[in-house]
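Here are a few notes from my read-through, written as numbered points. Please have the coordinates open while you go through them.

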Amino acid sequence: MAGKRFPLPKRFNVALSEQAYENLRALNEKYHYGNNYLLTILLENLDKITKSDAVEQVFADFKSEYGAPAPGGMRKTR
C-alpha cells in the first residue's frame, strides 16, 4: 500500500550556500526525501529538533558577520 502524499502547494526558488546545499544532499542521501520535503520537515519541526538558545546564538553570529535584512522584508502573499 502506497503512503499518503504530503501536499506542497507553494514552490519558490531558494539560494543556498555550498555548505547548506552539501548538508541538504547528505540528508537526501540518508532519508531519500527531495529538497522541498527536507526543508519542509526541518522548518516545520525546528522547535522539536533544536535548542532555542542555540538558534538565537547562530542568528546573532550570522548577524554580526553579515548584517541583518530590514524588518518587514518577508510578507505573506496570497
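1. Confidence first. This is a predicted model, with a mean pLDDT of 88 over the protein. Of its residues, 90% reach 70 or more. Among the elements, α1 has the highest mean pLDDT, at 96, and α2 the lowest, at 93.

2. Helix α1 and what comes after. Does the length of α1 agree or disagree with its residue count? The 14 residues should span 20 Å at 1.5 Å a residue, and the end C-alpha atoms are 20 Å apart, so the two agree. Do look at His-32, which follows α1: its phi is positive, near 65 degrees.

3. Arg-25, at 36% relative accessibility, counts as partly exposed.

4. The nonpolar patch. Which residues make up the nonpolar patch on the surface? They are Phe-12, Val-14, Leu-16 and Tyr-21, and together they have about 400 Å² of accessible area. Two of these members, Phe-12 and Val-14, sit in the segment before α1, a helix that covers residues 18–31. Phe-12 counts as exposed, with 65% relative accessibility. Val-14 has 46%, which puts this residue in the partly exposed class.

5. Asn-35 and its contacts. Asn-35 belongs to helix α2, which runs over residues 35–44. The residue is partly exposed, at 29% relative accessible area. Leaving aside residues up to four places away in sequence, Asn-35 touches Tyr-21 and Leu-24. Tyr-21 is also one of the patch residues from point 4. As for Leu-24, this residue and Asn-35 are 11 residues apart in sequence, with 6.9 Å between their C-alpha atoms.

6. One more pair to check. Phe-12 and Asn-36 are 24 residues apart along the chain, and their C-alpha atoms are separated by 9.4 Å. When you view this pair, keep in mind that Phe-12 comes from the segment before α1.

Definitions and conventions: Residues numbered from 1 in each chain as written. Predicted model: local features only at pLDDT ≥ 70, side-chain atom pairs only at ≥ 80, totals over all residues. Heavy atoms only, no water. Buried < 20%, exposed > 50% of the residue type's maximum accessible area, 1.4 Å probe, protein only. Patch = residues over 30% accessible without salt bridge, like charges linked within 9 Å, V, L, I, M, F, W, Y side chains within 5 Å. Areas by Shrake-Rupley, 256 points an atom, 1.4 Å probe, with all protein chains shown as cover. Salt bridge = Lys/Arg side-chain N within 4 Å of Asp/Glu carboxyl O. Helix = DSSP H or I, 4+ residues; strand = E, 2+ residues; numbered from the N terminus. Contact = heavy atoms within 4.5 Å. Expected span 1.5 Å × (residues − 1). pLDDT = per-residue confidence, 0-100.
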